[in-house]
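Subject: Handover of a structure, with notes on chain B

Dear colleague,

I am passing on to you the structure shown below.

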Amino acid sequence: MADISQTRLPKSPFRGPTTSVWQVRVLRMRELAANILSNPTTVLGLAIIGMLLGMAIFAPFIAEPNIPDAYQMPRDWGAVRKPPGTPGHILGTTNEGGDVFYGVVWGSRTSLQLSLIVVSATVIIGTIVGSIAGFLGGWVDEVLMRIVDVFLSIPELIFALAIAAMLGPSFSNIIIALSMVIWVKYARIMRAQIIQVKQNEYIDAARVIGDSKINIYFRDILPNSFTPVMVQATLDMGNVVLIGATLSFIGLSEAGIAEWGVLVSEGQAGIASGRWWASTFPGLMIFLWALAFNLVGDGLRDALDPRTEGR
Amino acid sequence: MFDENQPSLAANSANAIARVDDLKVYFNSKRGIVHSVDGVSFDIRDGETLGLVGETGCGKSVTGRSFLQLLPMPPGIQAGGSITFYPQGICEECGGKGCASCTGTGRTSVDCEACSGTGCDACGNNGAQQIDLLKLGSEKMRRIRGDRIAMIFQDPGKALNPSLTIREQVGEVFLQHRSEELLGAAGIATDAGGWQANILRRKASQMERGIEGLLLALPPLRSQRNKLELALDDMVADALTETQIANPRKLMGRYPHELSGGMRQRVMIAQALACNPDLLIADEPTTALDVTVQARILELISELKERHKTSVLYISHDLSLVRRICDRVAVMYAGRIAEIGTTEQIFNDPRHPYTRGLLAAVPTAASKRGELAAIKGSVPELVDPKPSCRFTGRCLFETEACGTFDPALQNVAPNHAVSCFIHHPPPEGARPSFDTKTS
C-alpha cells in the first residue's frame with residue numbers, strides 16, 4: 001500500500017488535437033438545424049419569411065423609391081381607384097391614388113423595422129429585469145414582479161393603444177408603445193426560467209468548485225434558461241406586426257406612411273363598393289407575416305424542447 | 001468507564017482535518033422551526049474516510065452541505081456551532097510520501113498566518129491554521145470550494161451543466177483555482193505587464209468579460225490564447241485520466257447527456273479531485289448508479305483518496321457500503337449523532353439501540369425468507385422538539401429519563417462514543433429504571 005503514492009500515472013495516451021469547443025458547437029448547431037428542417041410546416045414558414053425578408057431588403061429594386069421619403073406612399077392623383085392590372089399599378093390604387101403594390105413592398109420594410117426593434121428591445125429589457133428578479137430573489141424580486149404585474153393587468157392591445165394615443169400619432173410612437181407593453185412578458189418568462197434552473201444540482205456543483213456568482217449566471221444559468229425566450233421572441237416577431245398594424249389601422253401612425261395597417265385602413269372604405277384590392281393585398285401580407293413567424297416559432301419550440309422529441 | 005472523556009474527538013488537533021462542534025442548522029417551515037441538525041459534533045481525521053450514515057431526513061446531507069455554506073440561508077438558520085477546517089500542505093521533508101515528521105500521512109498543517117506557526121490565540125495556540133467554515137466570507141469561501149474542500153453529488157446526471165462540454169466543466173476548476181499554473185504551463189510569464197498580459201491573466205482565471213473575449217480571438221492574442229487552451233486541455237485530460245476514463249481526449253468535447261451514469265460520476269470525481277483537495281465530501285455518490293458501476297466508482301474513490309491523501313466524509317444510507325470503505329462511522333438519527341466509532345466497533349459492537357436496530361434490519365444471505373426485521377415506529381417530527389432522546393417511542397430500552405433529558409455523546413471505549421442513557425447515567429433528578437420494555 002505504501003508504494004501507491006509513488007505510482008506515476010501515464011500521461012494522457014495521445015496528444016492529438018482535441019475537438020475544440022467551437023467545433024462541437026458548430027456540430028450542435030447543425031444537428032439543431034437538421035432537426036428544425038425536418039418539420040415541413042417550419043420549412044414553409046422559413047420560406048415565407050425568406051420571401052418577405054427578400055422583399056424588404058430589395059424593396060428599392062422592386063418598387064422605385066418615392067422621392068424624398070421612400071416610406072411615404074407615392075400619390076398618383078391621376079389614377080385614383082384603379083383596379084389591379086392597371087399598367088403602372090399592378091395591384092391597383094387606393095382612393096387617394098396610392099399604389100397598392102408600392103405599399104405592399106415597402107410595408108415589409110416598415111414591418112421588419114417595427115418587429116426587429118420592438119422584439120430586440122423587449123428581449124433585452126425583459127431578460128435583464130427577469131434575471132435580476134430571479135437571480136437575486138427576495139425583496140428585489142418582489143418589487144420588480146409587482147411592477148410587472150401592474151403592466152400585465154391591462155390587456156396588451158389596450159395598453160399599447162393608450163400609450164400610443166398619449167404619445168401622439170406616429171410610427172415611432174407605436175414602436176415605443178409596443179416595447180413598453182411587451183417587455184413584461186419576457187421578464188416573467190426569464191424569471192420563471194431562472195428560478196427553475198437555479199434549483200438544479202449543477203448550480204450547486206458549480207458553486208462547489210468555487211465559481212463566482214457572475215460566472216455561474218453567465219455560464220450555467222443564462223444559457224440553460226434562454227430557450228423559451230427565443231421561442232417567444234420568434235412568435236412575437238409576428239404578433240408585434242399584427243398589433244402594430246392594428247394600431248396603424250385605428251390611425252395611430254402618421255397618415256400616408258407605407259405600412260400595411262395604414263393601407264388596409266385606407267382601403268376599407270372602398271370594400272362596400274367593390275374595391276376589394278386596396279385592403280386585401282396588405283391584409284394578406286399581415287396574415288402571411290404573422291403566420292410564417294408562428295410556424296417557425298412552433299417548430300423552434302418543438303426542436304428545442306426535448307420533451308417533444310420523437311413525436 | 002470513560003464517562004469523563006470528551007466524546008471521540010481527536011486527542012490533538014494536528015490529527016484532525018476538520019472538526020464539527022455542536023453544529024445546529026434549523027429550517028423555517030410553515031409548521032415551525034425544523035431542527036434538521038441539532039448539536040452534531042465529530043471530527044474528520046487526516047487521511048481517513050468517515051462514514052456518515054442515517055436514514056432520509058436525519059440531517060446527514062445538511063451536515064455535509066454546511067461545510068461549504070451550500071444551504072439556502074433564508075429558509076435555513078445557522079443556529080450555532082462551528083466547523084473548523086485545518087488546511088493541510090504537502091510535507092516538505094518527504095514530498096508527500098509519508099515520513100516521521102508528518103506522522104506518515106504525507107501532509108502537514110499549514111502554518112497560521114497570524115503567528116507563522118509559533119502559536120497564538122488566532123490559531124488556538126498550536127500554530128496550525130484553522131478556518132471557521134461557517135463564518136467565512138463569500139470570497140474566501142469561494143477560494144476554498146473546489147480547491148481545499150470538494151464535493152461529489154448524488155446524481156451525476158443532474159450535477160453537470162447540460163449546456164457545457166466536459167472540457168469546459170472540468171477546466172473551470174483549473175481556471176478558478178490554478179490560473180498561475182495554467183499560465184506557467186502555457187509559457188506565459190505571470191508577472192508580465194501591459195494590457196495583453198492583463199487580458200491573458202484574466203482569461204486564465206475566467207474573468208474576461210465582453211470585448212476581451214473578442215480581443216483574445218484576434219491575431220495578437222490569438223496564439224497566446226491557443227497556448228492557454230492547449231495547456232488547459234492537458235490539465236483536463238490528466239484529471240480525467242486519473243479517473244480511468246477511456247479515451248479522455250475524445251470525451252472532453254462531449255456533453256453530459258452523451259455519457260453514461262458511471263462516466264458522468266467519473267467526470268464529477270475528476271472535477272472534485274482536480275485541485276487535490278484536503279477534504280472530499282461525497283454525498284451518496286453511488287446511490288443513482290447501478291450496482292456494478294457502484295463497485296467500480298467506490299474502488300476509484302478509495303484508490304484516488306489513497307493517492308491524493310485526501311480525507312473523505314462519506315455520506316450514505318447504505319450500511320454494507322459504508323462498512324466496506326470507511327475507517328470510522330458516525331450514525332445519525334433525527335439530527336443527532338447516535339453513535340460514532342471505528343467501523344469495527346460500530347458493526348461488531350454496536351451500543352446504541354438505534355444502531356443495533358439498523359444492523360438487525362440489514363438482510364443477509366443467511367437470513368430467513370419472509371418478513372424483514374424493522375425498527376417499530378417512525379422518525380419523529382423535527383419541528384420544535386422537546387428535550388428528550390430522539391429515539392424515544394421506538395426504543396426497546398426506554399427509561400423514564402429518556403423522555404425528559406437529552407443524552408449526550410459520551411465515550412464507552414476509546415474512539416467509541418454513544419449518546420444513550422444505557423451507557424452512562426442520566427443527569428441527577430431523573431429516576432433511572434433500566435427495565436427492558438417488552439415489545
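Which residue of E14(B) is the bridge partner of B:Asn411? Before the answer, please note that this is a predicted model. The partner is B:Ala417. This bridge belongs to the antiparallel pairing of strand E13 (residues 410–413) and strand E14 (residues 416–418) of chain B, which comprises 3 bridges. The two strands make a hairpin with 2 residues between them. In its turn, B:Asn415 has a positive phi of about 70°.

Confidence

The model has an ipTM of 0.74 and a pTM of 0.77. For chain B, the average pLDDT is 81, and 89% of the residues reach at least 70. Residues 1–14 of chain B have a pLDDT below 50, and this stretch makes 28 contacts in the model beyond its near neighbours in sequence. The pLDDT is also below 50 over residues 431–439 of chain B, where 14 such contacts are found. I would ask you to keep both stretches in mind when you inspect the model.

Overall make-up of chain B

Chain B contains 13 helices and 14 strands. Of its 439 residues, 45% are buried. Among the contacts in chain B with a separation of 6 or more, 65% join residues 24 or more positions apart.

One of the residues paired here is B:Met332, whose bridge partner in E12(B) is B:Ile337. E11(B) and E12(B) form a hairpin with 2 residues between the strands, and B:Ala334 takes a positive phi near 50° in that hairpin.

Why can strand E12 (residues 336–342) of chain B be called largely enclosed by the rest of the structure? The reason is that 6 of its 7 residues are buried, a residue being counted as buried if 20 or more other C-beta atoms lie within 10 Å of its own.

The nonpolar core

The largest nonpolar core has 180 residues, and A:Leu178 and B:Leu313 have the most contacts inside it. Helix H7 (residues 171–198) of chain A supplies the largest share of this core, 15 residues. From chain B, domain 1 (88–129) and domain 2 (166–251) each contribute at least three residues. Beyond its neighbours within four places in sequence, B:Leu313 is in contact with B:Ile44, B:Leu50, B:Leu52, B:Gly64, B:Leu279, B:Ile281 and B:Ala282.

With kind regards

Conventions:
Residues numbered from 1 in each chain as written. Chains lettered and ligands numbered in written order. Predicted model: local features only at pLDDT ≥ 70, side-chain atom pairs only at ≥ 80, totals over all residues. Pairing = 2+ DSSP bridges. Helix = DSSP H or I, 4+ residues; strand = E, 2+ residues; numbered from the N terminus. pLDDT = per-residue confidence, 0-100. Contact = placed C-beta atoms within 7 Å. Core = buried A, V, L, I, M, F, W, Y, C linked by C-beta atoms within 7 Å. Buried ≥ 20, exposed ≤ 12 C-beta atoms within 10 Å, placed from the backbone. Domains from an automatic or database assignment.
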